Amino acid sequence: MKHLDSLPHPGLYTFFHAWVTLLTAGAALWHYQMGHFDRILLPAALSMALLTATLMSLGTPSARRAAAIITLLASYLLCAELLRHGEAPAMLWLGFPPVLTTLLLSTRHALCVNLLMAPVWLLLNGNWPSLIASLSYLAVSLVGALARWEMMRQLTLDKLTSPHDPECDALSSDMIAERLPQEHKRANALGRRLSVLVIHLPQLEMAHEQFGARLRLELLQRFCQAARRSCRLDDTLGRTGESLLWMLLPGTDENDALMTRNRLLTTLNDTAISETGHLSAMVVACTLHPGESLPAFEQRLRIKERALMDSTP
Amino acid sequence: MGSKYKVGPLQAAMLGCALLLIMLALSAPMLPSGMLLVLAGLWLTGSSLTLKCSVRWPSSVPWQLLPSFLLAGLFNVDSEHQTVWLWCFALLLMLPQPIWLMILHSLLAGYAVWQVQADLDVGQTLLIAMLLVGLMLLGLARAREVQSAWLRIGRRRRLIPGARLWSVHQLGEDLPREVVRSEREGSYAELVLIRTQGRQFWPLMSKLSQRLNDYEACYKLDNRTLATLLISRDLEQARERRKTLLDDMPTPLRSRIVTLARPLTLASEYQALRDQRQPLIIIEEG
């Protein structure tokens with residue numbers, strides 16, 4: 001489920017780190033004003049660490065994760081210092097660390113860290129913790145995990161209920177895997193033909209390496225547009241892999257499938273893209289034999305896919 | 001299918017959390033706050049038990065109001081002992097929700113801080129308020145991607161993961177496609193509209209999808225109306241299938257079956273079904 005843990009909004013995320021840095025620096029100044037000179041060192045030193053975290057939060061995803069860990073550790077220390085001094089209401093500060101952990105780390109890590117840190121927070125002020133304090137801490141940690149789980153549930157639900165591929169105007173791989181058996185069954189039940197065009201776009205990987213993600217996406221979308229123009233309304237285009245697509249052609253025999261293939265290749269030839277010239281695709285037509293079972297047909301399609309991938313230089 | 005819609009672990013966590021809340025309620029120093037905690041526990045228990053069905057409900061139901069009000073209620077009745085919950089307002093902002101709810105959460109968080117500050121000095125109040133603002137912003141930052149996913153779920157095509165139940169929007173696309181296709185193939189396709197009572201909807205839907213072929217799907221037109229495209233080899237097979245399809249369905253039922261061979265629009269057929277007095281109308285040829 002890790003891939004479903006979303007990255008936070010970059011601007012707000014950096015703003016949060018900057019905000020905590022300012023607060024920590026402010027705390028140091030506050031202690032100076034109040035004359036608590038012995039308490040200045042910790043916030044002053046930590047505000048430097050937090051400043052680093054703020055700058056790191058502008059960087060790559062791994063730098064952002066590291067920034068989260070620095071901010072988390074710094075906040076833990078500050079919170080421990082507050083609790084240790086006993087001037088703040090202990091119950092109020094007890095809720096802070098689990099919530100911060102939940103917001104900064106991924107769901108599973110956050111829950112583990114919260115449970116592992118439970119004895120530390122509960123025993124920090126030197127007394128044996130009350131039942132209410134322990135229960136409250138556990139409840140807040142678990143409530144945080146529930147909120148994150150709910151978010152993940154929504155992301156899964158979105159993925160499972162949208163038939164379209166997130167990147168282009170084609171069906172998603174789950175959906176096309178569901179559609180092929182349906183078409184196979186329909187072809188058998190009504191006694192119709194079924195053909196599938198197996199399509200490989202060799203330019204995608206090259207475009208990604210040389211020109212970046214934007215051109216890869218444009219190639220993919222331009223291909224789907226061209227494919228839509230060259231097929232009938234009731235043909236289905238779906239994505240089965242990074243650079244692989246299937247076009248299901250119901251009621252189509254081998255000759256018609258080859259004609260569709262040629263029409264598609266001609267349309268692609270006319271599609272100009274400034275960086276790569278025209279769009280190129282490798283297309284193989286595959287027709288369902290009478291009486292062929294679904295696993296056999298699907299395996300034939302997979303073999304064609306692999307052959308197309310292997311034949312690319 | 002790569003991933004499945006699993007709710008088991010979430011359900012267990014919700015029940016565990018409900019148990020914790022009820023234990024907290026039993027040891028709460030004051031009665032009103034204890035009752036609020038019990039309420040929260042019951043709510044979590046209830047929603048964990050209905051989690052499987054919850055995909056059937058519209059995602060726009062603002063259930064986030066309930067935890068928000070419960071939190072604010074805790075600070076209203078017993079701000080002295082329940083301070084630990086203050087930071088949970090930041091967790092609330094992480095959830096996908098409409099903007100007015102986010103504003104409401106922020107206002108209620110402000111109220112909670114106001115309630116808490118009676119026991120604190122100025123410096124601490126300032127620190128707590130500022131930290132809470134920071135955490136709430138972080139919660140908003142987390143919410144970004146889920147927010148757009150949640151908006152997409154609101155107008156999703158497939159209504160329940162794994163089931164062949166689609167939205168009316170999808171039928172609007174599938175209908176012209178099927179008209180073209182069945183004409184080319186020479187198959188006999190019909191639009192079937194079935195209207196029943198609100199509480200019969202889900203039994204009807206499960207019965208209907210059992211009787212459909214794999215390549216046919218159900219569409220939900222509204223809370224009482226289901227549609228499907230029935231595809232048969234020829235008129236004779238269609239007549240047979242109609243009989244088995246509508247046999248022994250939960251009553252009362254009003255259905256309308258129209259061949260796709262004659263020009264039709266979904267809107268006019270839907271209206272005709274609503275106006276129709278007879279329980280069954282079949283239109284075979286134009």
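**A residue and its surroundings**

Guide: A:Ala227 is located in helix α10 of chain A, which covers residues 213–230; helices here are DSSP runs of H or I with at least four residues, strands are E runs of at least two, and both are numbered from the N terminus. The model is predicted: local features require pLDDT of at least 70 and side-chain atom pairs count only at pLDDT 80 or more, while totals for chains, interfaces and linings use all residues. Residues are numbered from 1 along each chain as its sequence is written, and chains are lettered from A and ligands numbered from 1 in the order in which they are written.

A:Ala227 counts as buried because it has 25 C-beta neighbours inside 10 Å; the criterion for buried is 20 or more other C-beta atoms within 10 Å, for exposed 12 or fewer, and for partly exposed the range in between, with C-beta atoms placed from the backbone. Leaving aside residues up to four places away in sequence, A:Ala227 touches A:Leu237, A:Met247 and A:Leu264, where contact requires C-beta atoms, placed from the backbone, within 7 Å. A:Ala170 lies 57 residues from A:Ala227 in sequence, and their C-alpha atoms are 9.8 Å apart.

Chain A consists of domain 1 (2–161) and domain 2 (173–311), with bounds from an automatic or database domain assignment. The centres of these two domains of chain A, taken over C-alpha atoms, are 49 Å apart.

Chain A also meets chain B: 64 residues of chain A and 63 residues of chain B take part in the contact. On the side of chain A that touches chain B, at least two residues come from each of α1 (10–34), α4 (90–94), α5 (96–104), α7 (131–161) and α8 (173–190) of chain A. The most come from α7(A), with 25 residues.

In chain B, six strands make an open sheet of mixed pairing, ordered β1-β3-β4-β2-β5-β6; strands pair if DSSP finds at least two bridges between them. B:Leu193 has B:Ala227, in β4(B), as its bridge partner. Helix α7 (residues 168–185) of chain B packs on this sheet, touching β1, β2, β3 (218–220) and β4 of chain B, and makes about 100 degrees with the direction of β1(B); axes are lines fitted to C-alpha atoms, for helices over the stretch in contact, and angles run from 0 to 180 degrees between N-to-C directions.

Key. Contact = placed C-beta atoms within 7 Å.
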